[in-house]
Amino acid sequence: MAVKSIISRPVYGTLSPQPGKHHLFIADAEGALAIAEMARRAPPGFFDDAEIVFIPGPDGKHVAALEALKPEQFHQAPSFASLLPRLRQTLANAHMGLRLYLAGTEGLIGQAMQVALEAGIDHTSMQTEHRGSLARRMQCVHCKGITENVTTQPATCAHCGLLLLVRDHYSRRIAAFQGVCINAEDRSEVPPMEEIFR
Amino acid sequence: MSTGTTKLDVVVSDVVPVNDLVTRFHFRRRDGELLPTFSGGAHVVVEMRDGERTRLNPYSLMGSPLDTREYTISVRRDDVGRGGSLFMHRNVKPGMEMVVSYPVNLFSLDLRAKKHLMLAGGIGITPFMAQTAQLAAEGGNFELHYTCRTASLGTYADVLRERYDRRVRLYHDDLDERIELDRLLSTQPLGTHLYVCGPAGMINWVRDRAASLGWPAETVHFEHFAAPQPGLPFDVTLAVSGKSIRVDEQQSLLEAIEAAGVDPPYLCRGGVCGQCETNVISCDGKFIHNDHWLSEEEHRSGKKIMPCVSRFEGRSLVLER
C-alpha cells in the first residue's frame, strides 16, 4: 500500500463502477485483480461498453480472468510505451461520458494519468487502485533524466550517476517522484543503500 | 460584514431598458478611476438604500472583463419578490450615487477545459455575457445554448448572435423549442466543462442528466442565486450577542440580524457561497431551507442554517451568533 505522507504523494482508492457511456480500463500485472474484484460489484452489462488495455507481468498471468469479463474490446500490450499511441488516439476521439480506470503499479497509473490529464480529464475524475510493486519512476532534479523501477533509497541516477534521495514529492505532470542529490556537500559520503520500494 | 470585500463608491452612469422585464444599469467609480479587475462569472452585491431599509442583492457582472471603466448588471423585474428588483427599476436613475461590493466569482471558468459548453435559461444569461467576452478575446472554444420564453424576452439574444453567430443556439419556449440535452451532452469532446445558470428546475435537470451520462462532478459548474423568499414573521434569539430579534415577513434572517447591529460574515447573499453559515443552538419548529450550500443531511439535522435565504416557522430558535 502507498502510505500517505506529504500532500503531493499520490494516494489511490478502490475501483468502483461509475455512471458513464464508455469505460476504459488500463492495468498492468496484478492490476487485473482490481478489475476482476470491481466486476463483482458492477451492474449487469457493465463491460458491454468497456475496453480493457492490459500489460501482463513477467509471469503472463491474469489474461484469461480479464477476457472472462467479456469487455467490448480487450487489448494486450508488452509495455506502456507500446500502448501509448493507441491510448492517445482513443482519448483524442473520445467524448464526455468516457470514464477512466487505472489499476496496477504506481508507474503505470502515473504514466496513464499523465496522458489522460493532457486529454482533459481531471485527476480527481479518474478511478485508481494500486496493486503490485511500489517501485518508483524517479526524475533526477539535476539532469532531468527519468529512472524507471527505482526500488532503493538512495538510488543512483541512470543518466548522470549522482546518488539521489528519492523524495515523496511527486509530479503528475511528469509522472515521477523527485530525486535530489543526497551527498552534494561531500561526494565521498555514501550512505548505505536499502531496498525499500518493493 | 462582507468577507474579504471592500466597498466601491460608484455613480449610476446609465440606465437602459432592454425589454419588458429587464433593465441594464451601468456603474462607474465616483473618483473616475478604473474599477477592480474581474473574471467572467463574477458578481457584485448592490446596496439599495430604500428609506429606512437597506437591501443587499447580488447581480452578475455582464460586461466584458477586458473593460473595467464600468460595471454593468441586468436586473429582471420581479413583481412578487421582496422589492429589490422593483427598487432598481423604479428608483435608480442616472447620476445616483450607490455602493457596490468588490466583485466575487463563485462561477468561474475552468480554463483547463478543452471546450466550454454553456447552458443559460432566462436572466441566467448574464454571467455568460462576461464569460463569452472573456473567452472570445482569448480564442477560447465555447458553445452557448440559451433558452428563453419568447424572442422578445430573449435578453441579449440578438447581441450574442451578432457577436458569436453559430456558437450561440437559441430555444424559444413559445415555439416549443427544447434543448436535446442527452444528445448534446453525449456528443461533447473529452475535456469539455459544462456551465449552467438559470431557474432551479433547469439547473437540477442538467446536473442530473450530466451525472447520469458520466460527466464527473468536477466538470459541471452551476450558479443559482436563490432570492430570499418572503414568509411568516418569526422570533430568534442571538445567543452570542444576547439579543432577541423579530424577522419580518419581507426581511431575510440575515437582514434582521444586521438590523440588530450584529455583523455576521457574508459574501453572495444568495445561498451559494457558505460564508454566513450559522450554527443552531436549539429550536422548536421547522426550518425552510432555501440554500444550495448545506447538504441534505445538514438540512435534516436542524443544526445549521444559511440566514441569507432560509427561514424558520415555529415557537423558538436560538442561533450561535
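Modeller: Two strands are taken to pair if DSSP finds at least two bridges between them, and the elements themselves are DSSP runs numbered from the N terminus, with helices being H or I over at least four residues and strands being E over at least two. This is a predicted model, in which local features need pLDDT of at least 70 and side-chain atom pairs count only at pLDDT 80 or more, while totals for chains, interfaces and linings use all residues. Residues are numbered from 1 along each chain as its sequence is written, and chains are lettered from A and ligands numbered from 1 in the order in which they are written.

On those terms, strand β1 of chain B, residues 7-17, is joined by seven bridges to strand β2 of chain B, residues 22-29, and the two run antiparallel. Chain B as a whole is divided into domain 1 (7-105), domain 2 (115-223) and domain 3 (234-319), the bounds coming from an automatic or database domain assignment. The centres of domain 1 and domain 2 of chain B, taken over C-alpha atoms, are separated by 24 Å. Their contact takes 17 residues from domain 1 of chain B and 12 residues from domain 2 of chain B, where two residues are in contact if their C-beta atoms, placed from the backbone, lie within 7 Å. On the side of domain 1 of chain B that touches domain 2 of chain B there are seven nonpolar, eight polar and two charged residues; here Ala, Val, Leu, Ile, Met, Phe, Trp, Tyr, Cys and Pro count as nonpolar, Asp, Glu, Lys and Arg as charged, and the others, Gly among them, as polar.

Between the chains, 17 residues of chain A are in contact with 17 residues of chain B. The side of chain A that touches chain B has seven nonpolar, seven polar and three charged residues.

Chain A is assigned a domain 1 (22-130) and a domain 2 (136-195), whose C-alpha centres lie 29 Å apart. Eight residues of domain 1 of chain A are in contact with five residues of domain 2 of chain A, and on the domain 1 side these comprise two nonpolar, five polar and one charged residues.

Chain A has an open sheet of five strands in the order β3-β2-β1-β4-β5, with parallel pairing. Because β3 (73-76) and β5 (127-130) of chain A stand at the edges with a single partner strand each, one side of each is left without a neighbour in the sheet. The twist averages 10 degrees from one strand to the next, with axes being lines fitted to C-alpha atoms, for helices over the stretch in contact, and angles running from 0 to 180 degrees between N-to-C directions. Four bridges join β4 (residues 98-104) of chain A to β5(A), which run parallel, and A:Gln127 in β5(A) is the bridge partner of A:Tyr101. Helix α1 of chain A, residues 31-41, lies across β1, β2, β4 and β5 of chain A and runs at about 145 degrees to β1(A).

The axes of helix α3 (residues 80-92) and helix α4 (residues 106-118) of chain A come within 10 Å and cross at roughly 30 degrees. That makes α3(A) roughly parallel to α4(A), since angles under 35 degrees count as roughly parallel, over 145 as roughly antiparallel, 65 to 115 as roughly perpendicular and the rest as oblique. Residues of α3(A) in the contact include A:Phe80 and A:Leu84, and those of α4(A) include A:Leu108 and A:Gln111. By class, this contact has seven nonpolar, one polar and one charged residues.

A second open sheet of chain A has five strands in the order β7-β6-β11-β10-β9, with mixed pairing, and its edge strands, β7 (146-150) and β9 (155-156), each pair on one side only. β9(A) is joined by two bridges to β10 (residues 163-171) of chain A, and they run antiparallel, A:Leu164 in β10(A) being the bridge partner of A:Ala155.
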